[in-house]
Amino acid sequence: ISGLKFKDIVLNLGGKLFGSAKWKEEKVLSENDFFRLNYIPPKKGVKKVAAMFTAGGYIPYTDNVFRYAPEYNLYQHFLDRGIAIYEMKMKNEKAYNPNLTRLTYEKNIETVYEFSKIAFTHNQKEQMILMGYCGTGIIAVSSYLAKLDEMTKIFPVLTTFVSPVDGTKCNIFTRLLSRLNQHLNFADRLNSDFIKGEEVVAFIDAALERSHSKTDFGYFLHGWKKKAYKDIKEIDDLTPEQRTEIMIWYWLAPENNMRAPLSASLARMLYNYFYMGINKQGVFPFKYKKKVIDYKNILKYNAKIIMFHGDRDPLIPPSTAEFLDDILDKDHFLRITQYKTAHVGYIFSGDRWEHNSERAFDPNPIELLLDELKKKTVKK
């Protein structure tokens, strides 16, 4: 019975729970065809000490993972510390968004600029931290470097978590994009301009060799091994462990990813990023409106890039950013590799953000970012 029920439990209860972290005081500041800008104030009763803007972009499996659940999400640690969040989020929470089929790389960057200005004004023109996680880190960094004159006035500190720099060192993604490239050539012949979200997931699953688990028989086998699911009828019947498990299954399910198609334009940009890579001089393999994007340009500004990686990340190894040590100085660049940390460790390891935890991140990302923001902030 557990085997027969497990897929339905994942798609229904898991679907309701996944991305369910919400805050009463949050509000929408702006939106366009592709993204929405949300404002989340610090935890009630906690003094606001700073603000962070999270860049948005295409993420396989959807960016609802940052709002994974009330008990596990990326934002709460910052809110508890008094850091307000300006979240640039894809508009694909509950339904398919056909506009994403025409989301180009340049439109993605232009939205970062547009929403940054709105957030800056809303934040009383106090300088903020710019953040990107995994794939959105590519968008955050390239947006930043393409318009340093404007962006450093708003964000003296840019940070990324588990984001690739030298894409050629990310073997799983290079295999994936090789297959995507083959598909794109086929799509061009059919006069198509996007890849379905479920197709992207199929490519990723093939690269990670986990396609079988997402078949009906794969669901059945997993449920068969865990007989307690036979008694589950509604969310309140789930244990904390079961909640986490079915949300992970839903996050990775093709049904969750159908809402987010990948435009051929973005796929080509990603293909260049992971196959050609950023060269050893720090220049990106693509331009923004004919403008070269170059890491070394940050050396002309009072700004800093801080990158966090995990030593157990199979997708984005820490070595992806090592070459930046040779072209950027310590005043402008800092690279941190956290011990015993995997790709989603910053989202799912809530206790590690706490100073009194035996497993605490060292250094604590929030304290480090606040310290660097204080050093780089230009007083009014």
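In the predicted model, a salt bridge (a side-chain nitrogen of Lys or Arg within 4 Å of a carboxyl oxygen of Asp or Glu) joins K91 to E31, with the closest N and O atoms 3.5 Å apart. Because K91 lies in the loop between β4 and α3 (105–122) while E31 belongs to strand β1, this pair ties together parts that are 60 residues apart in sequence. Helices (H or I, at least four residues) and strands (E, at least two) are DSSP runs, numbered from the N terminus. K91 has a relative accessible area of 22% and is partly exposed, and E31, at 42%, also counts as partly exposed; here buried means under 20% relative accessible area, exposed over 50%, and partly exposed in between, with a 1.4 Å probe and protein chains only. Residues are numbered from 1 along each chain as its sequence is written, and side-chain values use heavy atoms, with hydrogens and water left out. As the model is predicted, local features need pLDDT of at least 70 and side-chain atom pairs count only at pLDDT 80 or more, whereas totals for chains, interfaces and linings use all residues.

A search of the whole structure finds 21 salt bridges. One of them joins D33 to R102, where the closest N and O atoms are 2.7 Å apart; D33 sits in the loop between β1 and β2 and R102 in the loop between β4 and α3, so that distant parts of the chain, 69 residues apart, are linked. The side chains of K89 and D63 also meet in a salt bridge, at 3.4 Å from N to O. K89 lies in strand β4 and D63 in the loop between β3 and α2 (76–80), and the pair therefore ties together parts that are 26 residues apart in sequence. K89 is buried, with a relative accessible area of 2%, and D63, at 4%, counts as buried too.

Two strands pair if DSSP finds at least two bridges between them. Strand β2 (residues 35–40) pairs with β4 in the antiparallel sense over six bridges, and I40 stands opposite I85 in β4. Strand β3 (residues 50–54), by contrast, pairs with β4 in the parallel sense over five bridges, with A51 opposite A84 in β4.

These strands belong to an open sheet of eight strands with mixed pairing, in the order β1-β2-β4-β3-β5-β6-β11-β12. At its edges stand β1 (27–31) and β12 (333–338), each with a single partner strand, so one side of each is left without a neighbour in the sheet. Within the sheet, five bridges join strand β5 (residues 129–133) to strand β6 (residues 157–161), which run parallel, and Y133 stands opposite F161 in β6. Helix α4 (residues 135–146) packs on the sheet, touching β5 and β6 (contact means heavy atoms within 4.5 Å), and its direction makes about 140 degrees with that of β5. Axes are lines fitted to C-alpha atoms, for helices over the stretch in contact, and angles run from 0 to 180 degrees between N-to-C directions.
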